[in-house]
Amino acid sequence: MMDVIINKNTTAAQIKEIFTAKKNDTRMVLEIASHENTPVEILEKLSDNENSMIRWGVAGNKNTPVSILEKLSYDECETVRFKVAENASTPVELLEILAADMSGVVRSGVAANECATTFMEKLANDKEVIVRIAVAQNKKVTKEILRALSNDSNEDVRTAVAANENVTTSILRELSADKESAVREAVAGNENTPVETLISLSTDKSIRVREMIASNSNTSKGTLLALTHDQKQSVRSKAAVNANAPTEALYSLSKDRDAYVRKAVVKNANTPLDILKRLARDEDWRVRESVAKLAARNEDYLVVMPA
């Protein structure tokens with residue numbers, strides 16, 4: 001019966017039948033509370049349930065009627081109010097009330113809601129870090145607000161700004177010089193980061209930053225080639241699976257002293273067949289196994305296996 005209730009195609013009639021039979025099964029009721037096809041009359045009942053987790057499920061359900069969301073916006077449990085605040089179906093008028101909630105957790109829910117753009121500037125100046133982080137992560141936040149938050153005293157806020165897909169290249173350039181490695185790491189992983197900034201960060205002292213550069217889909221072939229000589233195996237391994245890795249880099253990495261790097265080369269869809277043939281006979285069984293699995297998944301690669 002659990003398989004039925006977690007299926008998104010389960011009908012309202014089926015849910016009603018299951019609820020009647022399993023209304024005392026907390027796990028089942030939790031699933032019903034959040035199911036998008038749950039009938040309104042059941043959501044109404046569950047919104048008064050003594051279990052806050054069940055009310056939490058109703059509050060986060062995108063099909064919960066506004067009247068119920070309004071009632072739950074005054075719930076004694078802050079996590080219930082938080083779910084109302086982040087619910088995309090919550091009307092702006094209700095979000096405005098929740099934006100002034102005494103709980104920072106609740107206000108962070110509003111800050112994360114893409115429909116709450118009207119309150120973003122106010123929430124960007126909130127005293128609670130979790131609220132400012134939520135603003136910085138919001139895909140609808142303006143570039144002006146991201147600019148202001150890029151100078152936030154808290155590194156987690158600046159990190160969130162650096163990871164936002166809408167942040168400007170000028171802000172990314174500035175944050176690439178941030179004293180905190182977590183911020184630079186977010187810049188290195190952002191696909192909007194300018195190529196010249198990625199090149200600069202490819203020699204960063206932080207291993208994690210260099211790993212993110214090696215993984216970034218916009219990292220240039222030249223930078224990836226340079227990263228084949230990085231002292232850390234983890235950086236070379238990530239460069240080995242990057243789709244932009246030039247053939248020269250793949251040849252070099254296929255002869256890497258570390259088996260995990262050679263194994264990573266096998267995972268790159270652009271690795272030439274002659275490299276795979278050689279790796280199919282690699283001295284390390286993990287590399288050979290990786291090639292064998294590739295051949296098992298795709299018959300086109302059977303030609304690389306030893307006769």
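Arg-107 is buried (under 20% relative accessible area, against over 50% for exposed and in between for partly exposed, with a 1.4 Å probe and protein chains only), its relative accessible area being 8%. This is a predicted model, in which local features need pLDDT of at least 70 and side-chain atom pairs count only at pLDDT 80 or more, while totals for chains, interfaces and linings use all residues. Residues are numbered from 1 along each chain as its sequence is written, and side-chain values use heavy atoms, with hydrogens and water left out.

**Arg-107 and its surroundings**

- Arg-107 lies in helix H9 (residues 104-112); helices (H or I, at least four residues) are DSSP runs numbered from the N terminus.
- The side chain of Arg-107 makes a polar contact with the side chain of Asp-126 at 2.7 Å. A polar contact is a pair of N or O atoms within 3.5 Å; within protein, one must be able to donate a hydrogen and the other to accept it, and residues adjacent in sequence count only if both atoms are side-chain atoms.
- Neighbours within four places in sequence aside, Arg-107 is in contact (heavy atoms within 4.5 Å) with residues including Leu-98, Met-102, Leu-123 and Val-131.

**The nonpolar core**

- A nonpolar core is a set of buried Ala, Val, Leu, Ile, Met, Phe, Trp, Tyr and Cys residues joined through side-chain atoms within 4.5 Å.
- The largest such core has 81 residues, and Leu-123 is among the members that touch the most others.
- Not counting residues up to four places away in sequence, Leu-123 touches Arg-107 and Val-110, among others.

**Helix H15**

- In helix H15 (residues 181-189), the buried residues are Val-183, Arg-184, Ala-186, Val-187 and Ala-188.
- These buried residues pack against helices H13 (155-163), H14 (169-175), H16 (195-201) and H17 (207-215).
- H13 and H15 pack at an angle of about 10°, their axes 8 Å apart; axes are lines fitted to C-alpha atoms, for helices over the stretch in contact, and angles run from 0 to 180 degrees between N-to-C directions.
- H13 and H15 are therefore roughly parallel to each other, a term for angles under 35 degrees.
- Ala-188 has 0% relative accessibility and so counts as buried.
- Beyond four places in sequence, Ala-188 touches Leu-198, Leu-201, Val-209, Met-212, Ile-213 and Asn-216.

**Helix H2**

- The buried residues of helix H2 (residues 12-22) are Ile-15, Ile-18 and Phe-19.
- Seen down the axis of H2, these residues fall within an arc of 105°, so they line one face of the helix; the arc is that of the directions from the helix axis to the C-beta atoms.
- The face of H2 turned away from the buried side carries the exposed residues Ala-13, Glu-17, Thr-20 and Ala-21.

Technical notes. Helix = DSSP H or I, 4+ residues; strand = E, 2+ residues; numbered from the N terminus. Parallel < 35°, antiparallel > 145°, perpendicular 65-115°, else oblique.
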